[in-house]
Each structure stands twice: as structure tokens, then as C-alpha cells.
Amino acid sequence: MQGIYFIDKLDTFDDRLHILGSYRYDWQAINSVTRTPLETNRVSGRNEGESWVAGAAFDVTPWMTVYGNRSVGFVPSVLGTVAGALPAPEGRDLAEVGARYFLFDKRLSLTTSLFDLARTNVTITDPRDPTGQTRILVGGLRSRGTEFELQGEILPGLNVIASLAIQNIAVTDRATEEGGEFFGVPKKTASLWVTYALQSTPFAGLTFGVGARGNSRSRTGNGPDSVYVPGYVVADAMVAYQRDNLSVSLNVQNILNEYSLSPSYFSDYIGINQGRSAVLQADYRF
């Protein structure tokens, strides 16, 4: 893929207003050959299109910034086929407004945003194809919602990262899909992660972490066999130690070994989430 890119940034109004813009034009050419014991598939094609971004942020006070941006984009196709052919590029039109607040002497930040994302010519990977080459054309989608993110240091050594996203996704191309609600995507997702690093003790450098993540229920398909996949919440934990050039960490995901199902596009293919898993890692710098 080749492209032309332009980016510019302007700071004005006593350095409180920040304006950013970019423009790009891409050319894409794909030639792919996939061989299986039964057949050989060849895919080739060319796509091109333009994308631009315009945004601004204004520092209302030293502890509050408001911002807004708009981007219209051309997303090149990835390897994969729809009805045996290379899908046309996906178009995107994204608008977002929000604000960021700084708390506890700017040690903690809270970001809130509202977004409206329109997509056209959307393709999704068919999970029933183990090669990942087959894609399904959805047509148009529109996602509207809000996001919250909190991160920073509450007390010395105590850090937190929390996020919540609420979105509604609707099908906008009724020629390819029936029904308004899109499937396979939960409306709510959330996560919380807290770490504490011991301070000024013989065990300085030792860090503990615990958190949780999950999502609400989601629907599969939009036909008579449509079902709801239950939401879930799983807990994770970690312990790490770092001193001089040595660091050791143990990360455990789904520490309670909760059984849960993954959101799915199809009623006949609903995956199972990973059970309890652990990774022990050690690094030494010479």
C-alpha cells in the first residue's frame, strides 16, 4: 500500500486552543494465494481513497479541557474474501466530543466522551472458517454511545485504571441485513485495575495488582434461532518485583476460573472464554 500524508498542528489563544488536522490518500494493491489440500484460492484487486481528520482541544481551566474531532476515512481491505472476491474498502465517518478533568493535583484524570461512528461496506470474519479468509458483508453500521475512563495515582504507590463504554449499534443498510439491532457486540463493557507498589520498605519494588473486566449480554444473529449470550465478569491478579536490572512478574487471568461465553455473530458458533491461565516472566538487563 502507498499513500500521501499531510499533518499540521496549531496552538493559539494564549496556548489554550490546540487545532490538529491531517489528510491522506492511499493506493492499495493485493495479490494473495491460499492453498488447502482441496483447493487453491487466488484473490487480487486494487482500492484507493482519501481520509481526513480535523479536531480541536480547548483548555477551559488548568484542570479541565474540552475537545472535539471529526474524521472521514477510507479503510483498506484486509486479506479475505466475500463471495470469492476482494471486498471493497470500508468507509468511516466518526464524530466525537468530550472533556478531560484533572484531580488530586493532576495525579488523576477523568475522561468522558460521546461518539457517533458511521461505517459503510462493513465486513466481519466468519468464525466458522478456520483459515480466517471468509468474510461476511454487513453493509452499514452506526454506533452511538459514551465512554468514561479514569486513571492515575490516588495515593503514593496506589494506581487505578477504570473504564466503562456504553454503545448501541444499529444496522443502517437494510438491503443486506434485516432488523435494526446489530448482533455479536455487547452494549456495555467495563474494566477496573488497581495496583499498589510498596514504598520505602525492605520490600520496595514489590507490586501487587487486582482487577476485574466484563461485559453485558449480547445477541447472536437476527433470525428465528437468535439467542442471547450471557454477560460475564472475571477477575485478574498480578504480583511483580523489580530491583536494579532484574524484574519478575506473575500474571493470572480469570483467577477464579469462571466459565463464560464469548459474544458471537452466529447462534451455531459460540466460543468459550479462556479459563484460568498464568504467565510467569523474568527479565534481566545486562
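In this predicted model, Asp-93 is partly exposed, with a relative accessible area of 28%. Its salt-bridge partner is Arg-70, and the closest N and O atoms of the two are 2.7 Å apart. The pair joins distant parts of the chain: Arg-70 lies in strand β4 (residues 64-75) and Asp-93 in strand β5 (residues 90-103), 23 residues apart. Arg-70 is also partly exposed, at 37% relative accessibility.

Side chains of opposite charge can pair when their charged atoms come close. The count of salt bridges in the model comes to 8.

| Salt bridge | Closest N and O atoms |
|---|---|
| Arg-70 with Asp-93 | 2.7 Å |
| Arg-92 with Glu-90 | 2.7 Å |
| Glu-90 with Arg-119 | 2.8 Å |

Together, Glu-90, Arg-92 and Arg-119 are linked in a network of salt bridges.

Which member of this network is buried? Glu-90 is, with a relative accessible area of 10%; this value counts as buried because it is under 20%. Arg-92 is partly exposed, with a relative accessible area of 36%, and Arg-119 is partly exposed as well, at 23%.

Key: Residues are numbered from 1 along each chain as its sequence is written. This is a predicted model: local features need pLDDT of at least 70, side-chain atom pairs count only at pLDDT 80 or more; totals for chains, interfaces and linings use all residues. Side-chain values use heavy atoms; hydrogens and water are left out. A salt bridge is a side-chain nitrogen of Lys or Arg within 4 Å of a carboxyl oxygen of Asp or Glu. Helices (H or I, at least four residues) and strands (E, at least two) are DSSP runs, numbered from the N terminus. Buried means under 20% relative accessible area, exposed over 50%, partly exposed in between (1.4 Å probe, protein chains only).
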